[in-house]
Amino acid sequence: MVVVTGQTKVSDAMSSSDAEDDSQEPATPTATQAEHALSLLPQQFPEVVPLNVGGAYFTTRLSTLRRYEDTMLSAMFSGRHYIPTDAEGRYFIDRDGKFFGDVLNFLRSGDLPPRERVRAVYKEAQYYSIGPLLDLLEELQPLKGEKVRQAFLGLMPYYKEHLERIVEIAKLRAMQRKARFAKGITVDHQCIGVCDKHLINHYYCKRPIYEFKITWW
């Protein structure tokens, strides 16, 4: 008697489609996959770094960008992050470069911008997290005046609520007088005296009295 088993060699069971797959070359990585792979590698920067900040070109030393450790620029050019380059090989930062020169001048030699650019440079210093520059700019006008003003208004109870109510009344009166109420509004104030109201015993109010001027257009 002859017994026929049902065993089949694995190699013989391979389909023609599997054989064709084995003969194919490995798939070529896509551009996105290649860029992702690059982002995982430590990036090496030259000692002299060409920059393209939103279309404005700059050239500076790597040590300048790394001058303060706890800043975004220092982190960006630490080698831990991948920074893309433009067609000319400049490292690209997707930010308006109008005031980046002022930021670089501070990093290079501690120079501060003129008064008319203080607010704009302060905004850039916030973005790049440059603490020493922020501290110095806050002591310059007009930021210092605004800082003092906000601190002073913080001493006035319910200032914001009272101001909003004053503006509502001004709008209502303007409408009642058929005045054309437009798009903008400014509020100025000045101290015109000190309250001398008697409170109790020998205590007096002594709080400053302010005059508000509301202008709209």
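**Close-up 1. Arg-90 and Glu-88 meet through their side chains in a salt bridge.** In this predicted model, the N to O distance for the pair is 3.9 Å. Arg-90 is buried, with a relative accessible area of 18%, whereas Glu-88 counts as exposed at 59%.

**Close-up 2. Arg-117 pairs with Asp-102 in a salt bridge.** Here the closest N and O atoms are 2.9 Å apart. Arg-117 sits in the loop between α5 (100-109) and α6, while Asp-102 belongs to helix α5, so the pair ties together parts that are 15 residues apart in sequence. Asp-102 counts as buried at 10% relative accessibility; Arg-117, at 29%, counts as partly exposed.

**Close-up 3. Glu-47 and Arg-61 form a salt bridge.** Their closest N and O atoms lie 3.0 Å apart. Because Glu-47 is in the loop between α2 (31-39) and β1 (48-53) and Arg-61 is in strand β2, the pair ties together parts that are 14 residues apart in sequence. Both count as partly exposed, Glu-47 at 41% relative accessibility and Arg-61 at 47%. A search of the whole structure finds four salt bridges.

**Close-up 4. Thr-60 is a buried residue of strand β2 (residues 56-61).** Its relative accessibility is 5%. Beyond its neighbours within four places in sequence, Thr-60 is in contact with several residues, including Glu-47, Val-48, Leu-65, Leu-104 and Arg-108.

**Close-up 5. Helix α6 (residues 118-127) has Val-118, Val-121, Tyr-122, Glu-124 and Ala-125 as its buried residues.** They cover an arc of only 165 degrees around the axis, which puts them on the same side of α6. After the helix comes Ser-129, with a positive phi near 55 degrees.

Definitions and conventions
Residues numbered from 1 in each chain as written. Predicted model: local features only at pLDDT ≥ 70, side-chain atom pairs only at ≥ 80, totals over all residues. Heavy atoms only, no water. Helix = DSSP H or I, 4+ residues; strand = E, 2+ residues; numbered from the N terminus. Buried < 20%, exposed > 50% of the residue type's maximum accessible area, 1.4 Å probe, protein only. Contact = heavy atoms within 4.5 Å. Arc of directions from axis to C-beta.
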